[in-house]
Structure formats: structure tokens, C-alpha cells
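The topics are grouped below, after the sequence and structure.

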Amino acid sequence: MPEFIHQTSASALTESLPRWQHAQPLAIDSEFIRVDTFYPILGLLQLGDGHGEMLVDPVAIDDLACLAPLLGAAGPLKIMHACSEDLEVLTPYSDGAVGQVHDTQIGLAMLGEGLQLGYQKALAQVLNIDIPKDASRSDWLARPLSDQQLNYAALDVRHLPALYEAVRERLQAKDLWHLFDAECAEVCRVPNAINPDEIWRSHGNAWRLSRQQSAVLQALMRWRETEAMRRDVPRGHLLKPLSLFEMAHSLPKQAQDFRGISELNPRVARKDGEEILAIIAQAAAGNDAWPTPVAVPLPREASKLFDALKRAMQAVADDLSMPLEVLWRKRLAERIVLQAVDTSIADALAQLGGWRAPYVSPVIAEVLNAHQAQLDEWSALRQASMKSR
């Protein structure tokens with residue numbers, strides 16, 4: 001029976017690293033807390049090599065710089081399950097890049113097991129192994145950690161190498177391994193930093209605002225982003241989406257105007273109200289710097305174009321023996337269609353990259369060209385909506 005090492009000493013951790021540096025592959029998971037902070041706080045790091053596990057305690061070990069060669073690009077192939085949050089947590093300990101990562105959740109999605117199959121269900125379905133999840137909501141920063149917590153954490157990497165091997169065999173049997181490797185290379189990385197000056201365009205109601213109101217929303221969301229990072233608090237602890245929209249729409253000029261703003265935290269109104277009012281006044285007055293407003297969404301009849309694209313993609317997915325939802329995502333479809341509407345079909349196709357492009361570009365081009373008249377009509381509507389504001 002494999003046994004885990006609970007590592008609480010910096011010197012012992014450093015001495016143990018050669019074993020994990022030679023793991024092929026290295027299974028990784030993390031336990032962290034992110035309830036009242038902007039940045040996740042690492043509570044435990046789990047490493048496994050198929051023969052045992054090491055649980056690294058970042059509360060007991062102040063400096064984890066020794067992990068950089070292991071977790072960084074020069075380290076071994078890492079395997080994870082649902083890697084996005086773990087990558088964000090581990091990046092500060094890896095010199096900013098974690099190297100090659102394979103995600104078993106992605107592999108199982110390609111095999112038709114669903115886009116977000118959890119680790120517990122994956123083990124049950126693929127390996128017929130049941131593990132408990134009774135410690136998943138633990139406080140991983142409290143010390144001492146209980147035996148139950150430590151055993152739970154070790155299980156999260158104990159069976160991951162076996163799951164990875166089973167997934168690899170099934171992907172290779174369906175000739176999908178090369179596409180899985182390419183998908184992981186695209187997906188398993190920390191996303192680019194958010195541009196505080198552009199984040200306002202992601203607000204769901206930004207298209208309802210005039211240029212002046214858009215400038216206020218831009219300024220408020222820039223302030224929220226930078227302050228949330230500086231104070232290390234969640235964005236919503238400062239200003240929620242509805243509060244942001246209503247302030248941008250109504251342009252409050254004095255503190256009493258905050259009373260009509262929905263979901264505005266009273267503490268934020270008291271502490272930061274004067275600064276927020278100044279930001280609103282400055283953004284509303286600087287018409288030379290007002291941004292171009294967000295265009296109105298596509299009309300309802302655009303659903304017919306999305307349906308046509310989806311039907312065309314189904315044939316490609318069938319040829320690849322891959323689930324449609326892996327090949328063709330809603331966000332990708334929306335991005336391509338909007339680009340075709342706002343600029344051109346050629347620019348829309350240029351949005352495609354990576355392994356999908358050669359498979360889907362000819363099909364997308366054919367469908368979009370068949371709907372050129374509708375694209376031109378929607379383009380005129382969106383341009384008119386921006387000019388009118």
C-alpha cells in the first residue's frame with residue numbers, strides 16, 4: 001500500500017526533490033482557499049509518482065522557492081485533473097511557467113465522458129475506484145491538519161497516474177492522442193493578465209450604455225480591478241456587476257445618490273464613496289477620451305446561423321470520432337460570428353488557431369459565405385447602434 005510523506009521541513013523538502021524531478025509523469029493537485037481574497041492561498045500541495053505521495057505544507061514551510069525547478073518548464077510532464085485553478089495557484093512557485101501539462105479531464109471529454117467530469121466520478125467510471133470527498137470543504141489553512149484531511153489529499157494524486165494511463169490508452173485507440181496533446185498545450189496554461197482598461201467590455205449590459213456612460217463603467221471597473229488586487233479582496237466585495245451598471249447609467253453626483261444603487265455595499269459607499277464619485281465625475285467630463293460603446297447583441301434570428309454552424313461542425317466531429325462539444329464551443333462560435341459581422345469573414349477565420357483550424361476553417365467559411373447577406377445586415381445594425389450613442 002503506498003504511503004504518503006507529509007513534508008513540513010524546508011531542508012527535507014529540498015533533499016526529496018530529485019525523486020519527484022524524475023517522475024514520469026508527475027501527478028499534481030493542490031488545496032487552497034479563495035473565499036475572501038483576490039489571490040488564492042495555497043494550503044497544501046500534493047505530488048505523486050504512482051509509487052507514493054508527498055504532501056507539501058506551505059504553512060509550515062515559509063519559502064517554497066526550491067520547487068521552481070520541479071514545477072517550472074524544466075520539470076517533468078505534469079498530470080492534473082481540471083487544471084485551471086491549480087495552475088493559477090502554482091504559477092507563483094514555478095517562475096511563471098509550469099511547462100508541459102496533461103489534463104485527464106480534457107482527455108475524458110474527448111472520449112465522450114462529458115466536459116467537466118469530476119475526479120471522483122472519473123475514478124469510479126474509468127478505474128472502478130471509489131474515493132471519499134468528505135474533506136473537500138475543509139479549512140486547508142488551519143493547523144494542525146487532521147489525518148482525514150491528509151488521507152483525502154493523498155488520494156487526490158494516488159490514482160491519478162493510473163487514470164492518466166487508462167485515458168491515454170483509450171485516446172490512442174481512437175487516434176486522438178495527438179489532438180489531446182495539442183489541446184492541452186493550448187488550454188493548460190495560466191491565462192493572460194486582464195487589461196484593466198478593457199475589462200468593462202465584458203460586462204453583460206455594457207451595450208446598453210452611451211459613450212459617456214461607457215467611459216464611467218470603464219473607469220469604475222478599472223478602479224475595482226486595481227483595488228481588488230491591491231487589497232487582495234474579491235471584486236464583488238467592492239462593487240457588484242449590477243451596482244457598476246446602475247452607477248454608470250445614473251451617474252450619481254453626491255453620496256445620497258448611492259441610496260438608489262442596487263447591491264451597493266454600505267461599507268464601500270462609506271469608505272470609498274468620495275473616491276468613487278470623483279472617478280465618475282472625471283470620466284463623465286472627459287468626452288475626448290470616451291471609448292467607443294459596445295455594439296448591440298446580434299438579433300434573435302442569428303440563432304439560425306449558429307444552428308447551421310453547429311450542424312456543419314457535427315459532421316467534422318463525427319469524422320474525428322470526437323464529441324461536438326469538445327470541437328465546437330459556444331464562446332468560439334460567438335467570437336467568430338461577431339468578427340465576421342464587425343469586420344469580415346477572413347478576419348473571422350483568422351480567429352481560429354491551433355489544431356482545430358485545419359479541420360473547421362473550410363466548413364466555417366462555407367457556412368458564413370452562405371449567410372453573407374445576413375452578416376452585412378447585422379453589421380449595419382451594430383454600426384448604427386454605436387453611432388446613435
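In this predicted model, E183 and R356 form a salt bridge whose closest N and O atoms are 2.8 Å apart. Because E183 lies in helix α8 (residues 177-187) and R356 in the loop between α15 (345-350) and α16 (357-370), the pair ties together parts that are 173 residues apart in sequence.

**Around R356**
- E183 is buried, at a relative accessible area of 5%, and R356 is likewise buried, at 10%.
- R356 also forms a salt bridge with E186, with 4.0 Å between the closest N and O atoms; since E186 lies in helix α8 and R356 in the loop between α15 and α16, this pair ties together parts that are 170 residues apart in sequence.
- E186 counts as partly exposed, with a relative accessibility of 28%.

**Other salt bridges**
- D197 and R222 meet through their side chains in a salt bridge of 2.6 Å, N to O, which links D197 in the loop between α8 and α9 (211-231) to R222 in helix α9, 25 residues apart.
- D197 is partly exposed at 34% relative accessible area, and R222 is partly exposed at 31%.
- A network of salt bridges links E227, R230, R231 and D272, and the structure holds 15 salt bridges.

**The chain as a whole**
- The chain carries 38 positive and 50 negative side chains, and the centres of these two sets lie 8 Å apart.
- Its secondary structure comes to 17 helices and 6 strands, and buried residues make up 48% of the 389 residues.
- Among contacts between residues at least 6 apart in sequence, 68% join residues at least 24 apart.

Terms used. Residues numbered from 1 in each chain as written. Predicted model: local features only at pLDDT ≥ 70, side-chain atom pairs only at ≥ 80, totals over all residues. Heavy atoms only, no water. Helix = DSSP H or I, 4+ residues; strand = E, 2+ residues; numbered from the N terminus. Buried < 20%, exposed > 50% of the residue type's maximum accessible area, 1.4 Å probe, protein only. Contact = heavy atoms within 4.5 Å. Lys, Arg positive; Asp, Glu negative; His and termini not counted. Charge placed at Lys NZ, Arg CZ, Asp CG, Glu CD.
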